[in-house]
Amino acid sequence: MDRRSLLKTGGMAAVGLGLGGCATRTPPAARPSRPMLALAPIRASWDRVIRTTVGLRPHRPSGFMLRLEKLDAKTVVHNYGHGGSGLSLSWGTGALAADLALEAASGDRRAAVLGSGAVGLAATRQLQRRGFDVTIYTMAVPPDTTSNMALGVFSPTSGLVSGRGFTPAWEAQFGRAIEIAYRQLQLLAGSGFGITWMDSYGTMDELPTAQTEARFEREGARLMPARMRASREILYPGEHPFPTRFASRRTSMKIEPSLYLEAMLREAHLFGARTVIRKFDTPRDLMTLDESVIVNCTGLGASELFGDEELMPVKGQLTFLVPQPEVDYGYGCTPRSDGIALGGTQQRGVWTLEPDEEARQRIVTRAIERFAWMRSPAPAVAPSVETFFGEES
């Protein structure tokens with residue numbers, strides 16, 4: 001089950017909403033002590049669908065690649081394979097990559113960064129903060145990068161990290177990266193980078209139990225520090241507009257890719273970076289670069305360029321409704337200034353960028369049912385709600 005599924009058939013509690021406040025037994029429903037929550041209705045209908053986007057997440061089952069490699073006179077720092085967590089982790093892995101570059105620089109503070117998605121731009125800024133003169137070599141710039149296709153919520157495990165099978169060294173890297181990234185993204189909130197805090201809601205007929213807590217641990221939460229697992233606040237009958245007995249609310253960061261990536265690119269250029277549109281077919285092509293330190297943030301491109309056979313695409317698809325500025329919460333969707341994002345599928349090993357029409361029909365139809373249900377008298381049985389979240393679509 002996807003870590004961020006908000007509701008399953010029969011009212012099963014969502015497991016991707018954080019662990020704070022979970023109970024092991026179900027107390028009787030208390031009389032509401034707070035007024036009914038007022039949420040702006042989401043207007044979901046087929047005539048409000050404005051686009052469907054597809055992107056390919058660069059996934060490595062053993063975790064992202066972050067290591068140094070010598071290539072003749074060049075030093076290559078690999079920083080790729082973040083799966084759906086590129087937006088979430090890029091400041092952290094960028095800092096670790098920049099530290100490796102600094103160790104290998106030998107007095108030459110010129111660096112080449114390959115790629116201008118979220119990972120490449122964060123690495124650029126971290127290199128600049130360490131005194132490097134950076135040139136970005138890339139095949140595409142925002143708004144045409146894979147990162148632009150992301151859903152854009154802070155989700156370091158992204159549903160692609162199982163919490164098992166990683167080496168202690170990789171887990172240590174992950175821990176350092178997530179600490180740095182979480183702090184940095186908070187500092188950028190409200191400063192023109194498209195980062196805000198958002199309340200998200202889930203629904204349930206019973207309170208969470210120890211079993212749901214254990215399931216969340218199995219699905220990757222073990223790798224996240226406890227303070228980063230957004231606490232779940234339980235809403236009792238009469239306190240929420242949903243037709244289940246209980247609802248839950250958590251607060252987490254939202255990152256709007258189009259705003260964030262444009263701001264990152266502007267800041268990189270402001271601090272002296274230049275962008276060169278160029279494709280590298282083999283590692284030998286890198287020998288023509290003037291820079292002695294190269295930070296590889298090519299994502300799926302590393303499969304061909306450096307022969308990483310573990311890399312695989314995970315196809316992600318989003319469908320957008322017309323924006324509604326008054327909607328500032330998530331409930332099986334993510335409201336953004338460029339539209340209300342629905343979906344976020346995960347199809348492993350699929351390379352095509354063609355939209356999956358069956359998935360689009362299913363996601364939009366369920367969204368229409370969900371939001372009509374939210375505004376109407378409660379049905380006897382809550383409808384099935386299926387949502388997927390992933391950053392780097």
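User: At what angle do helix 1 and helix 2 (residues 118-129) pack, and how far apart are their axes?

Analyst: An axis is a line fitted to C-alpha atoms, for helices over the stretch in contact, and the angle runs from 0 to 180 degrees between N-to-C directions. In this structure, helix 1 packs on helix 2 at about 40°, and the two axes are 7 Å apart. This is a predicted model, in which local features need pLDDT of at least 70 and side-chain atom pairs count only at pLDDT 80 or more, while totals for chains, interfaces and linings use all residues. Residues are numbered from 1 along each chain as its sequence is written, and side-chain values use heavy atoms, with hydrogens and water left out.

User: How is the orientation of helix 1 and helix 2 classed?

Analyst: Angles under 35 degrees count as roughly parallel, over 145 as roughly antiparallel, 65 to 115 as roughly perpendicular and the rest as oblique. Helix 1 and helix 2 are therefore oblique to each other. As for handedness, a crossing is left-handed if the near helix is turned anticlockwise from the far one by less than a right angle, and right-handed if clockwise. Helix 1 crosses helix 2 in the right-handed sense.

User: Which residues of helix 1 and helix 2 make the contact?

Analyst: Contact means heavy atoms within 4.5 Å. Helix 1 contributes Gly86, Leu87, Ser90, Trp91, Gly94, Ala95, Ala98 and Ala101, and helix 2 contributes Ala118, Val119, Ala122, Ala123, Arg125, Gln126, Leu127 and Arg129. For classes, Ala, Val, Leu, Ile, Met, Phe, Trp, Tyr, Cys and Pro count as nonpolar, Asp, Glu, Lys and Arg as charged, and the others, Gly among them, as polar. The contact of helix 1 with helix 2 then comprises ten nonpolar, four polar and two charged residues.

User: At what angle do the axes of helix 1 and helix 3 (residues 168-188) cross?

Analyst: The axes of helix 1 and helix 3 cross at roughly 115° and come within 7 Å. That angle makes helix 1 roughly perpendicular to helix 3. Their crossing is right-handed. On the helix 1 side the contact includes Leu87, Ser88, Leu89 and Trp91, and on the helix 3 side it includes Phe174, Ala177, Ile178 and Ala181. By class, this contact has twelve nonpolar, five polar and one charged residues.

User: Is Pro257 buried or exposed?

Analyst: Buried means under 20% relative accessible area, exposed over 50%, and partly exposed in between, with a 1.4 Å probe and protein chains only. Pro257 has a relative accessible area of 1% and is buried. Leaving aside neighbours within four places in sequence, Pro257 is in contact with Leu87, Ser147, Asn148, Ala150, Leu151, Gly152 and Arg336.

User: Where is Pro156 found?

Analyst: Pro156 sits in the loop between strand 5 (133-138) and helix 3. Helices (H or I, at least four residues) and strands (E, at least two) are DSSP runs, numbered from the N terminus. Pro156 counts as buried, at 1% relative accessibility. Beyond neighbours within four places in sequence, its contacts are Ser85, Ser88, Leu89, Phe174, Ile178 and Met224. The C-alpha atoms of Pro156 and Ser85 are separated by 5.0 Å.

User: Which residues does a cis peptide bond join?

Analyst: The cis bond joins Pro142 and Pro143, with omega about 15°. Pro143 lies in the loop between strand 5 and helix 3.

User: What is the phi of Ser106?

Analyst: Ser106 is not a glycine, yet its phi is positive, at about 55°. Ser106 is in the loop between helix 1 and strand 4 (110-114), and counts as exposed at 73% relative accessibility.

User: How many helices and strands does the protein have?

Analyst: The protein has seven helices and 15 strands. Buried residues make up 56% of its 393 residues. Among contacts between residues at least 6 apart in sequence, 80% join residues at least 24 apart.
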